[in-house]
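Try each task before reading its solution.

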Amino acid sequence: MEDSTTLDKAVIEIKDLYKSFGDLHVLCGVDLQLNKGENVVVLGRSGTGKSVLIKIIAGLLKQDRGSCIVLGEEVSTLNEKELRNLRLKIGFSFQNSALYDSMTVRENLEFPLVRNVANLTRADINEQVESVLDAVGLLQTINQVPSELSGGQRKRIGIARTLILKPEIMLYDEPTAGLDPITCLEINELINEVKEKYHTSSIIITHDLTCARATGDRIAMLLDGKFLKQGTFEEVFDTDEERIKSFYDYNFIQ
Ligand SMILES: Nc1ncnc2c1ncn2[C@@H]1O[C@H](COP(=O)(O)OP(=O)(O)OP(=O)(O)O)[C@@H](O)[C@H]1O
């Protein structure tokens with residue numbers, strides 16, 4: 001019997017999810033719950049199906065079996081209009097921040113706002129752009145173009161661009177990939193600040209254990225198509241399970 005208080009708190013509820021591509025069985029009975037205000041890290045080696053999982057959550061792929069309920073709605077049953085509405089409540093931070101190179105930071109941030117929110121005055125737009133830039137610590141870059149920014153700064157602007165629509169859920173795909181260790185720490189801090197300031201619930205996809213430890217209230221370890229273990233960082237890695245131990249050792253001896 002489900003606990004109704006737990007269900008009320010869930011913003012994403014995935015149950016017994018399966019996804020194959022021909023003979024390639026990628027997800028084989030995945031269960032995952034993201035609660036309101038929580039950061040869940042999905043850890044797994046390359047090719048284990050982390051991106052496939054994110055795409056099912058975003059309605060970009062359909063599962064073969066099982067359910068994926070996001071903000072109370074089974075994603076696979078939504079039509080295009082319903083999907084668009086749902087996606088407005090989800091902020092996607094992708095590996096390449098995909099900013100528009102020809103636009104300034106200000107214009108990059110205005111773009112999603114003007115496109116998705118009706119009846120904003122010039123003052124509203126300025127206020128929201130400046131507020132979100134301030135939140136990511138980059139107000140001073142407002143008139144610069146992406147090519148003048150560092151990789152870490154571009155990542156922050158990418159996050160700001162998703163935050164400007166005030167999403168309830170953030171999906172971070174490899175937020176620290178390709179960044180130097182200090183910048184990685186700054187991005188980890190930012191992910192935690194976003195949770196506090198914007199009250200988001202987040203799934204963070206990574207194979208960076210430092211990021212996982214710094215940002216995850218809970219870690220879910222994806223292996224062979226299933227979550228092998230879920231818990232705090234210590235709970236997951238304090239184990240005799242060989243596959244988890246080797247994942248840990250490999251990451252820290254690189
Ligand atoms: N549309 C698709 N058609 C066929 N195979 C696919 C498709 N999408 C993903 N796959 C396969 O599913 C497997 C899981 O891919 P996925 O991109 O989810 O891995 P990942 O865990 O995100 O890896 P990485 O960390 O390298 O990004 C891979 O073998 C991939 O080739």
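This is a predicted model: local features need pLDDT of at least 70, side-chain atom pairs count only at pLDDT 80 or more; totals for chains, interfaces and linings use all residues.

**Exercise 1.** Find how strand β1 pairs with strand β2 and with strand β4.

Solution. Step one: locate β1 at residues 10–21 and β2 at residues 24–35. These two strands run antiparallel and are joined by nine bridges. Step three: look at the hairpin of β1 and β2, where two residues lie between the strands. Gly22 has a positive phi near 60 degrees there. Step four: turn to β4, residues 65–70, which pairs with β1 over five bridges, also in the antiparallel sense. Here Tyr18 is opposite Arg65 in β4.

**Exercise 2.** Which element gives the most residues to the shell around the ligand?

Solution. Step one: list residues around the ligand, including Phe21, Leu24, Val26, Lys50, Ser51 and Val52. Step two: note that β2 and α2 (50–57) each supply at least two residues of the shell. Step three: α2 gives the most, with three residues.

**Exercise 3.** Are helices α6 and α7 roughly parallel or roughly antiparallel to each other?

Solution. Step one: take α6 as residues 151–163 and α7 as residues 181–198. Their axes are 10 Å apart, at an angle of about 15 degrees. Step two: angles under 35 degrees count as roughly parallel, and α6 and α7 are therefore roughly parallel to each other. Step three: the crossing of α6 and α7 is right-handed. Step four: identify the contact, with Ile159 and Leu163 among the α6 residues and Leu190 and Val194 among those of α7. By class, this contact has six nonpolar, two polar and three charged residues.

Definitions and conventions
Residues are numbered from 1 along each chain as its sequence is written. Two strands pair if DSSP finds at least two bridges between them. Helices (H or I, at least four residues) and strands (E, at least two) are DSSP runs, numbered from the N terminus. A residue is near a molecule or strand if its C-beta atom, placed from the backbone, lies within 6 Å of it. Axes are lines fitted to C-alpha atoms, for helices over the stretch in contact, and angles run from 0 to 180 degrees between N-to-C directions. Angles under 35 degrees count as roughly parallel, over 145 as roughly antiparallel, 65 to 115 as roughly perpendicular and the rest as oblique. A crossing is left-handed if the near helix is turned anticlockwise from the far one by less than a right angle, and right-handed if clockwise. Two residues are in contact if their C-beta atoms, placed from the backbone, lie within 7 Å. Ala, Val, Leu, Ile, Met, Phe, Trp, Tyr, Cys and Pro count as nonpolar, Asp, Glu, Lys and Arg as charged, and the others, Gly among them, as polar.
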